[in-house]
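Work through the exercises below with the sequence and the model at hand. Each task is followed by a stepwise solution.

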Amino acid sequence: MADYNRIFKDFSAGEISSFYDEMFPGMMLYAMHILGDDFSYMAEDCVQDAVLTTYERRAEFPNAGAWRGFMLSCIRNNAIAVLRKSNLHRSYIESKSEEELENDSSHALIAHELHEMLFEAIDSLPEQYREIFDLSFESGLKNAEIAKMLGLAEVTVKKRKAKLLAMLHDKLGGLLDEKSIIMLLTIPAGAIAG
């Protein structure tokens with residue numbers, strides 16, 4: 001998990017780069033989940049508006065928990081406002097009770113937390129596996145291309161990739177199976193990066 005206390009301290013002092021490096025991608029996923037496929041393109045606007053509102057009020061938060069909770073509430077409210085404005089989703093929102101909307105948001109928050117845990121686990125991988133991860137999942141290279149770049153046999157790359165997925169599974173305490181990990185890793189970088 002991200003060190004919310006450190007990030008909050010930086011954010012409160014006007015330094016927001018650690019927020020963008022460590023929390024922004026997860027906040028994007030949270031907004032995208034609430035917005036759904038049809039409106040996920042609005043996620044960055046929802047998150048950026050929440051960041052601005054939170055930044056303007058940063059002196060009001062007594063601790064990291066209050067700060068983070070306020071920002072997540074702003075993102076949720078911004079996303080619901082987008083959906084309410086949409087003719088396509090108006091009937092959906094009106095047909096849902098506040099409790100159902102809360103449950104949807106709770107699921108999105110859980111997904112956000114899993115995403116943070118996954119990337120923390122990735123950061124702790126040994127170098128040789130981290131290199132395979134970067135080339136495969138970040139750069140989108142095929143096993144044969146990675147093998148050629150690293151001077152390895154293609155079967156070695158396949159085995160290391162399988163091993164790194166198993167290590168991630170273990171580091172996450174079995175919360176996600178390997179297919180779920182791959183699914184989270186294949187979200188386009190542009191969809192979660194600012």
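A residue counts as buried under 20% relative accessible area, as exposed over 50%, and as partly exposed in between. The model used here is predicted.

**Exercise 1.** Classify E22 as buried, partly exposed or exposed, and identify the salt-bridge network it belongs to.

Solution. 
- Step 1. The relative accessible area of E22 is 32%, so this residue is partly exposed.
- Step 2. The side chain of E22 meets that of R6 in a salt bridge, 2.7 Å from N to O. This pair links distant parts of the chain, with E22 in helix 2 (residues 17–22) and R6 in helix 1, 16 residues apart.
- Step 3. R6 also forms a salt bridge with D3, where the closest N and O atoms are 3.8 Å apart. The cut-off for such a pair is 4 Å.
- Step 4. R6, at 33% relative accessibility, is partly exposed, and D3 is partly exposed at 39%.
- Step 5. Through shared partners, D3, R6 and E22 form one network.

**Exercise 2.** How many salt bridges does a search of the whole structure find, and how far apart are the closest N and O atoms of E60 and R57?

Solution. 
- Step 1. The search finds five salt bridges.
- Step 2. One of them pairs E60 with R57, whose closest N and O atoms lie 3.0 Å apart.
- Step 3. R57 has a relative accessible area of 33% and is therefore partly exposed.

**Exercise 3.** Compare the span of helix 3 with that of a straight helix, locate its bend, and describe its burial.

Solution. 
- Step 1. Helix 3 covers residues 24–39, and a straight helix of 16 residues would span 22 Å at 1.5 Å a residue.
- Step 2. Between its end C-alpha atoms, helix 3 spans only 18 Å.
- Step 3. A bend of about 65° is found at H33.

**Exercise 4.** Which elements give two or more residues to the largest nonpolar core, and which residues does I75 touch?

Solution. 
- Step 1. The largest nonpolar core has 32 residues, and those with the most contacts inside it are F19, M27, L35, V47, W67, M71 and I75.
- Step 2. Helix 1 (4–12), helix 3, helix 4 (43–56) and helix 5 (64–85) each give two or more residues to this core. The largest share, 11 residues, comes from helix 5.
- Step 3. Leaving out residues up to four places away in sequence, I75 touches M27, Y30, A31, C46, V47 and A50.
- Step 4. Another core, of 18 residues, lies apart from this one and includes A121, L125, F137 and L164.

Note on methods:
Residues numbered from 1 in each chain as written. Predicted model: local features only at pLDDT ≥ 70, side-chain atom pairs only at ≥ 80, totals over all residues. Heavy atoms only, no water. Helix = DSSP H or I, 4+ residues; strand = E, 2+ residues; numbered from the N terminus. Expected span 1.5 Å × (residues − 1). Bend = angle between axes of the 7 residues up to and from the residue. Buried < 20%, exposed > 50% of the residue type's maximum accessible area, 1.4 Å probe, protein only. Core = buried A, V, L, I, M, F, W, Y, C linked by side-chain atoms within 4.5 Å. Contact = heavy atoms within 4.5 Å.
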